[in-house]
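I am opening my notebook for a slow walk through one protein chain. Come along and keep the picture beside you as you read.

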Amino acid sequence: MSKLKKQVSKFSLEGEIREAIAKEGKLKYLKIATTEREELVKLSKDLTKNLPPVAIPGSVVRVRGEKELNQKKGQVKLTAYSLVLANETGASAEGGVVVEGDFRARKSKKKAKILVCQKSGCNKRGAGGVCKALEAALSDRGLEEEVTVQKTGCLKKCKAGPNIVMLPDKERYSKIDPEEVPELIEKHFAS
């Protein structure tokens, strides 16, 4: 399998809001101090729409979302999709504020597809088996309605076939073995 440039995983952290950062009059980021360090957390668009003006410095908050590691640049980006105000003990405040954004909002705008090269180089290296494994893995997880497997022409890495592209993430994989397919499906499409 090819090396990944970006790795996306889920995160959850609790800490004290040190700073609320707005751009163009809209709240965009929270600087949160945890017991280990300070983290800059971007708020998802969906979350900011539903967020009342509660992001007061000094408030204790729990956030969940996606952590994106860009290996090429060595940077970590945290994007929050859920925010819970808590009291000093960490319990949800009485009548407290819980704001949930759509965790999959940015991915649901485009139809999820998996492009699989069907040109001769990839076919010789097992693209047909990869297609069958993709369809079976999607069916096992009940994702056949949400994710389409699309056979395509050349994806420009003929000697490293079979090649696939996961959309809407635009992640490319080469030298795919059918045994790797369930792991890829979990990574990109599991809820």
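Predicted model: local features only at pLDDT ≥ 70, side-chain atom pairs only at ≥ 80, totals over all residues.

**Entry 1: strand β7 and its partners**

Which strand runs parallel to β7? I found that β8, residues 147-152, does, and that six bridges join the two strands. As an example, I looked up Cys-117 and found that its bridge partner in β8 is Thr-152.

Then I checked for pairing with β9, residues 164-167. β7 and β9 pair in the antiparallel sense, over four bridges. Here I noted Leu-115, whose bridge partner in β9 is Val-165.

I also asked how many of the six residues of β7 are buried. The count is five, so I wrote down that this strand, residues 112-117, is mostly covered.

**Entry 2: the cysteines**

How many disulfides does the structure hold? My search gave zero.

The cut-off I needed here is 2.5 Å between the two sulfur atoms.

Cys-154 is in no disulfide either. The nearest cysteine sulfur to Cys-154 is that of Cys-158, 3.6 Å away. Cys-154 counts as partly exposed, at 31% relative accessibility.

**Entry 3: helix α5**

Next I moved to helix α5, which covers residues 181-189. Which of its residues are buried? I listed Val-181, Leu-184, Ile-185, His-188 and Phe-189. Looking down the axis of α5, I saw that these buried residues fall within an arc of 100 degrees, so they line one face of the helix.

At 41% relative accessibility, Glu-186 counts as partly exposed. Its side chain meets that of Arg-141 in a salt bridge, at 2.6 Å from N to O.

In the loop between β10 and α5 I found Ser-174. Is Ser-174 buried or exposed? It is buried, with a relative accessible area of 6%. The side chain of Ser-174 makes a polar contact with the side chain of Asn-163, at 2.8 Å.

I took Arg-62 and Glu-14 next: they form a salt bridge, and their closest N and O atoms are 3.8 Å apart. Arg-62 lies in strand β4 and Glu-14 in strand β1, so the pair ties together parts that are 48 residues apart in sequence. Both ends are partly exposed: Arg-62 has 28% relative accessibility, and Glu-14 has a relative accessible area of 35%.

Another salt bridge joins the side chains of Lys-31 and Glu-19, at 3.7 Å from N to O. Lys-31 belongs to strand β2 and Glu-19 to strand β1, so this pair ties together parts that are twelve residues apart in sequence. I noted Lys-31 as partly exposed at 27% and Glu-19 as partly exposed at 37%.

I also came across a network of salt bridges, which links Glu-16, Arg-18 and Glu-38.

**Entry 4: one last look-up**

Where is Ser-59? I found it in the loop between α1 and β4. At 18% relative accessibility, Ser-59 counts as buried, because the cut-off for that word is under 20%.

How values were computed
Residues numbered from 1 in each chain as written. Heavy atoms only, no water. Buried < 20%, exposed > 50% of the residue type's maximum accessible area, 1.4 Å probe, protein only. Arc of directions from axis to C-beta. Pairing = 2+ DSSP bridges. Polar contact = N/O pair within 3.5 Å; in protein donor to acceptor, adjacent residues only side chain to side chain. Salt bridge = Lys/Arg side-chain N within 4 Å of Asp/Glu carboxyl O.
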